[in-house]
Amino acid sequence: MRTLSSVIEKVSSRSRSRQFIRVMNRMGASPAAILPFVKDSPNFTNRRFEGEEPSLRPRLRAQTSALVAAVRVGERGAPVGTVPVVPAEPPERPGELAVTWYGHATSVVEIDGARFLFDPVFSERVSPIRHVGPRRMHPVPGAIADIPTIDAVLISHDHYDHLDQPSIVRLEETHRPHYVVPLGVNAHLLAWGVPAERITALDWRGETEVAGIRITCTEARHNSGRGLVDSQTLWAGWALRGPRHSAYFPGDSGTSKRFAAIGADLGPFDLTLMPVGAYDPFWPDIHMDPEQAVAAHRDVNRIGDEMYALTEDEAGVADDFLEGDQRIDTPGGTYEEGERTETTRTTPTAAGESLLVPVHWATFNLSMHWWAEPVRRVRRAAAEARVPVAFPRVGQRVDLGGGDAQAVAAAHAEPWWEECAAAEDRD
């Protein structure tokens, strides 16, 4: 019995050690390992990245209230039926302009004959611990190995629902692609065995070219972190421009006046992938609500060079800074920091010719709103602003090769989410 107990103890201890090593590996690089890659950035101050629009975190009292609220309404964020998933069928040769939504922010964009994979998360959970953390609410529509070619993988930031270590491992086993990432995220990839020559790390407004497509790292209003120390790596969006077409993905971002600047410098775009879910009054600075996502789509499609042009429409817009405050006014309501402001300034926009595809919803329960609420609100706001929106099922390829955003939106207008949403979660 003593011998058996000793063997069990050793096996158990080794198992715990292996689990600990696995968790630490999934967490990625340490702050000390990240520092050499980020310390010279002008956006890295006081040992953390900071944008010109601070992302204010909830105070302790608000965090406690958020936790209580999440426990009380946690089931709202899940569907009551089976989410319809279409098996992804990526073409052997990338098209002129197309997007396939794999769930949450994970998307494959084809542009001018090149193919890019955004924020690949193919795991069952988004967590450093395999059996703990938010769980996928629908299957992945296709495997990484089934994507014929990948010219580059673009990662917006290092949160677990956007940077997934097992997916990177699988990409290295199957494709060994090039990676374009914000500063500091390259340290995680290096820790996971990706060679430095296949990684391009950029600061905000840094640029590179892959397969004839110019890729620009754009500002976002968010944060980062995979452990106890946050904002050691940069968070960003991506603007893609080829010889004939263009696309924009803002990553995770709260509402921001930087969208108009991005539109003035890099837009307008034929396609935007706008995050519309995981918003909440407890964290208004780091995720957009649906109306703000429509406003951001309008802002990045400005015609002209007015960097701070504002829009007057029923969908709302991210307004200028509130006097004496660090937060931006939001069209969805007010918070304790200030009152709403009004504007009548307008500029022309190409938003009516640009297709919006909503992402960052449906896959993981990360907030307290109803599961289908983001697309219900986006559909109303977009109709008021006359913005074409496509609502593909998970795995469904949206082909914009014909160039008519309104026609593509009409072909992907069915409210498929109603069949698996709760009764209270329907129009």
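The structure is a predicted model, in which local features need pLDDT of at least 70 and side-chain atom pairs pLDDT 80 or more, while totals for chains, interfaces and linings use all residues. Residues are numbered from 1 along each chain as its sequence is written, and side-chain values use heavy atoms, without hydrogens or water.

**Helix packing**

The angle between α7 (residues 290–299) and α8 (residues 373–385) is about 45°, and their axes lie 8 Å apart. Axes are lines fitted to C-alpha atoms, for helices over the stretch in contact, and angles run from 0 to 180 degrees between N-to-C directions. Helices (H or I, at least four residues) and strands (E, at least two) are DSSP runs, numbered from the N terminus. The crossing is right-handed, that is, the near helix is turned clockwise from the far one by less than a right angle.

From α7, Pro-290, Glu-291, Val-294 and Arg-298 meet α8 residues Pro-374, Arg-377, Val-378, Ala-381, Ala-382 and Ala-385; contact means heavy atoms within 4.5 Å. This contact comprises 7 nonpolar, no polar and 3 charged residues.

**Sheet**

An open sheet of 7 strands has the order β8-β7-β6-β5-β4-β3-β15, with mixed pairing. Strands pair if DSSP finds at least two bridges between them. The edge strands β8 (199–202) and β15 (397–399) each have a single partner, so one side of each lacks a neighbour in the sheet. Twist averages 20° from one strand to the next. Within the sheet, β6 (residues 152–154) and β7 (residues 179–182) run parallel and are joined by 2 bridges; Val-153 stands opposite Tyr-179 in β7.

**Salt bridges**

The whole structure has 24 salt bridges, each a side-chain nitrogen of Lys or Arg within 4 Å of a carboxyl oxygen of Asp or Glu. One of them pairs Glu-52 with Arg-258, with the closest N and O atoms 3.9 Å apart. The pair links distant parts of the chain, 206 residues apart: Glu-52 is in the loop between β2 (48–49) and α3 (60–73), and Arg-258 is in helix α6 (residues 258–266).

**Backbone geometry**

Most residues other than glycine have a negative phi, and most peptide bonds are trans.

| Site | Backbone value |
|---|---|
| Gly-267 and Pro-268, cis peptide bond | omega about -5° |
| Asp-112, positive phi | phi near 50° |

Pro-268 is in the loop between α6 and β13 (271–275), and Asp-112 in the loop between β4 (106–111) and β5 (114–118).

Definitions and conventions:
Nonpolar A, V, L, I, M, F, W, Y, C, P; charged D, E, K, R; others polar.
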